Amino acid sequence: MSTHRYPLPGIGRRAFVGGGAALGGAVLLGACSGEAEGGDALVDPAHARVEAAETARAGTGREVEVTLTAAPTELDLAGTTVSTWAYDGHGPGRELRVSAGDTLVAELVNRLPDPTSVHWHGLALRNDMDGVPHLTQDEVAPGDRFTYRFVAADPGTHWFHPHVGTQLDRGLYVPFVVEDPDEPLSYDHEWVVVLDDWLDGVESTPDEVLAELLQGMGGHAGHGGDGADEGPQRMGAALMGATSDLLGGDAGDVYYPAYLVNGRPPGDPAAFEAIPGARVRVRFVNAGGDTAFRVAVGGHTMTVTHTDGYPVEHTEADALLLGMGERFDVLLTLEDGAFPLVALAEGKGEAAFAVVRTGSGSAPRPDERPDELTGRVVVATDLTADQSARLADADPDVEHAIRLTGGMADFDWGLNGHAFDHEDPTARAFRVSEGQRVRLTLTNDTDMWHPMHLHGHHFQLGPPVAHHHPQTSPSAQSRFHGPRKDTVNLLPGQTLTCDFDADNPGLWMTHCHNVYHGEAGMMGVVGYTG
């Protein structure tokens with residue numbers, strides 16, 4: 001069993017600032033360009049400052065040990081057997097829970113035919129455990145093992161998945177709940193609801209879909225393509241005519257034959273049971289590859305309490321819109337009867353479905369669409385951070401303007417006009433220094449929406465910015481207390497500001513969480529300087 005940080009032979013072009021000796025002989029990673037675009041060298045994942053940041057995290061001293069075996073398996077989707085990849089034969093994998101401050105010791109066993117890794121989505125953890133091959137570790141080769149060991153300091157609803165190719169769009173994903181020992185909410189039950197779009201093993205694989213998309217859509221690309229007036233139309237692996245006002249137009253690229261709640265399709269729905277009057281905390285996770293979900297529970301109003309693990313001022317909602325990678329926690333007080341839990345595949349004409357039952361009565365039909373879906377639909381930018389989650393008011397010390405670029409015609413997604421360079425991943429790093437208040441100003445210059453994710457940090461959303469005025473004054477930002485997030489949906493033409501404190505040194509990915517956009521090049525690195 002290996003627990004050290006792997007070297008990355010044959011990839012790097014320049015060296016980082018060192019620190020390996022202070023970590024008991026850990027080998028310096030040489031994967032990236034430490035002197036990209038001038039300035040100080042970048043801090044590598046084996047630097048002593050990474051270890052120091054981990055030591056500073058408040059820990060309980062308890063260790064939680066798990067083994068994750070990634071392997072080919074078969075899953076039953078309402079009578080259809082599909083061949084896929086999953087952890088320990090389950091899709092999604094078995095829910096993992098720890099208490100805030102516990103040390104997770106997770107051994108990944110790779111029985112897949114391809115290399116893999118585990119990224120811990122939503123955790124501000126030590127950089128060398130972030131699970132990004134060629135940046136924070138080597139890929140874990142077939143037949144090999146790797147042990148992830150870190151303090152899980154951040155309470156909330158998180159999840160984990162590979163960060164290799166399109167593996168996320170198979171069955172390799174698991175909800176990860178870090179419980180708050182001082183939980184302020186009161187409720188009787190807790191349900192974790194994982195939403196997913198599914199294609200693997202039905203007609204194709206995610207790798208085959210990506211290969212087709214990379215050929216581009218040419219004249220068929222754009223806001224819904226030629227079949228927009230007829231609703232979504234399939235063209236090979238691509239989906240044309242999928243549109244949504246909530247997403248600013250084009251809703252997605254990929255045709256999916258199934259949509260799942262906790263791994264189950266509408267023909268064999270998941271069921272959640274309690275008694276009438278029970279108060280339930282529901283933790284929603286969008287683990288999809290290319291689909292936003294609009295989710296509602298028929299006959300009920302939800303109270304939003306958290307997004308991406310952080311508390312918000314309680315907000316009433318009939319429905320929620322979740323982009324890929326986002327999480328929302330809500331409270332429900334259950335009525336008497338049987339009710340549909342419906343997650344519309346936004347703009348795609350289909351839905352995931354489950355049943356909430358508290359009493360007798362016939363089960364709702366899978367094709368039911370409760371009125372709540374067209375009521376008050378809450379998105380993350382509607383929310384205000386709870387006082388306990390707000391950053392201290394401060395002007396940014398450094399600001400990076402990041403434009404989302406590219407399009408479906410050539411499937412040439414990127415940041416600032418450049419596709420991510422896997423051979424030299426920090427060549428265009430967005431450089432920050434420890435202790436700075438950092439502002440990322442994200443502008444979507446494309447005709448599609450993108451769920452943008454930042455590893456290792458939780459930013460605070462600033463006020464929406466008009467597309468033709470991309471700068472927000474520091475005073476306006478300091479008066480606005482948007483939610484703390486690690487993933488945010490950016491609509492076409494929209495600019496959002498994201499502030500965070502640079503308190504977790506290392507090399508951190510920022511990327512579109514549409515797995516096909518990210519793999520095509522819409523990725524970058526936030527790198528700490530030495």
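These legends describe close-up views of aromatic rings in a predicted model. Residues are numbered from 1 along each chain as its sequence is written, and side-chain values use heavy atoms, leaving out hydrogens and water. Because the model is predicted, local features need pLDDT of at least 70 and side-chain atom pairs count only at pLDDT 80 or more, while totals for chains, interfaces and linings use all residues.

**View 1. Trp120 and Phe160 form an aromatic pair.** A search of the whole structure finds 11 aromatic pairs. Rings of Phe, Tyr and Trp (its six-membered ring) pair if their centres lie within 6.5 Å; planes under 30 degrees apart count as stacked, over 60 as edge-to-face and the rest as tilted. Trp120 and Phe160 are tilted, at 4.6 Å centre to centre and 45° between the planes. Trp120 lies in strand S5 (residues 119-121) and Phe160 in strand S7 (residues 156-161), so the pair ties together parts that are 40 residues apart in sequence. Strands here are DSSP runs of E, at least two residues, numbered from the N terminus. Trp120 is buried at 0% relative accessibility, and Phe160 at 1%; buried means under 20% relative accessible area (1.4 Å probe, protein chains only).

**View 2. Phe146 and Tyr148 form an edge-to-face pair.** Their centres are 4.7 Å apart, with 65° between the planes. Phe146 is buried at 1%, as is Tyr148 at 0%. Ring pairs link both into a cluster with Tyr87, Trp120, Phe150, Phe160 and Phe176.

**View 3. Arg170 lies over the face of Trp85.** The distance from the ring centre is 3.9 Å. A charge sits over a ring if NZ of Lys or CZ of Arg is within 6 Å of the ring centre and within 35 degrees of the ring normal.

Note on methods
Helix = DSSP H or I, 4+ residues; strand = E, 2+ residues; numbered from the N terminus. Buried < 20%, exposed > 50% of the residue type's maximum accessible area, 1.4 Å probe, protein only.
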